[in-house]
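Dear colleague,

I am handing over the structure we spoke about, and below it you will find what came out of going through it. Please keep the sequence open beside you as you read.

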Amino acid sequence: MKFSKTVGSTAFKLEQLDSGAPLDSFVCPVEEYNVYLYKEAMRSQNDHVALTWLLRERSTGKIAAYMSLIADAIKLSVSEKELHDLNYPFKTIPAMKIAKLAVSKEFAGKYKGIGSFMIDSARTIARKCNDHYFSCRFLTVDADIEHNKGIRTFYEKNGFFLNSELYNENRKTISMRKDLYRIGD
Ligand SMILES: CC(C)(COP(=O)(O)OP(=O)(O)OC[C@H]1O[C@@H](n2cnc3c(N)ncnc32)[C@H](O)[C@@H]1OP(=O)(O)O)[C@@H](O)C(=O)NCCC(=O)NCCS
């Protein structure tokens, strides 16, 4: 089944991680992401290092996906600034980073599109910050090619571009950005 906004808003709810929340229903294929959710996410949130959002199935309470969001700022090359029509002398442009994103094995087997729904939700959160609190132009991610070889394709399909200023083929991650307001928004 294709996971859509309609399915998401009726059968699922996005909620902030809190200390009483049971987490053990979440299992994804990359163990590192399970360990982070079980052991690190709450501590990171309490220390204001990363805020975690859970996508829960309403009927069962099971966690279908999670993401951790943090503040960020990125350097753009001259051509990248032109691409986004950002003619400013600033060295960096404000952003919100998806520091962690993972979909549970069980729910990935039932639905297509949960990961994309989480990116849409991150975009909605970032745009709310712009409406009410502070400016933020991009969504960013360090795409984890160490654990997921094809991950760049997933982010490109969701409107992300490679950050050429930060690209280094020897790294375990690829820095990418998505304009919250232009180019296929
Ligand atoms: C990466 C992840 C979040 C994707 O979630 P998902 O729900 O499977 O992704 P979606 O169904 O929204 O996929 C959207 C599109 O990207 C494609 N895609 C997803 N993962 C991909 C991959 N690893 N390689 C290539 N394409 C991929 C899908 O086929 C789909 O394409 P389509 O629209 O043409 O059908 C999920 O697989 C996951 O949690 N992986 C383990 C943890 C991880 O690697 N996290 C990434 C941290 S940077």
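Two residues are taken to be in contact here if their C-beta atoms, placed from the backbone, lie within 7 Å. Please bear in mind that this is a predicted model.

By that criterion, and leaving aside its neighbours within four places in sequence, Y66 is in contact with F26, L37, T52, W53, L54, L55 and A102. Y66 also belongs to the largest nonpolar core, which has 42 residues, and is listed there with A65, I114, M118 and A122 as having the most contacts inside it. At least two residues of this core come from each of α2 (31-46), β2 (51-57), β3 (63-74), β4 (93-103), α5 (114-132), β5 (138-144) and β7 (173-179), and β4 gives the most, with seven residues.

Turning to the strands, β1 (residues 12-16) runs antiparallel to β2 and is joined to it by five bridges, with L14 standing opposite L55 in β2. β2 is in turn joined to β3 by six bridges, again in an antiparallel arrangement, and T52 stands opposite S68 in β3. β2 and β3 form a hairpin with five residues between them, and G61 in the turn has a positive phi of about 80°.

As for the ligand, 23 residues surround it, the closest being G115, S116, N148, G150 and F154. The elements that give two or more residues to this shell are β4, α5, β5 and α6 (151-157), among which α6 gives the most, with four residues. By class, the shell has 13 nonpolar, seven polar and three charged residues.

With best regards

Technical notes: Residues numbered from 1 in each chain as written. Predicted model: local features only at pLDDT ≥ 70, side-chain atom pairs only at ≥ 80, totals over all residues. Core = buried A, V, L, I, M, F, W, Y, C linked by C-beta atoms within 7 Å. Buried ≥ 20, exposed ≤ 12 C-beta atoms within 10 Å, placed from the backbone. Near = placed C-beta within 6 Å. Nonpolar A, V, L, I, M, F, W, Y, C, P; charged D, E, K, R; others polar. Pairing = 2+ DSSP bridges.
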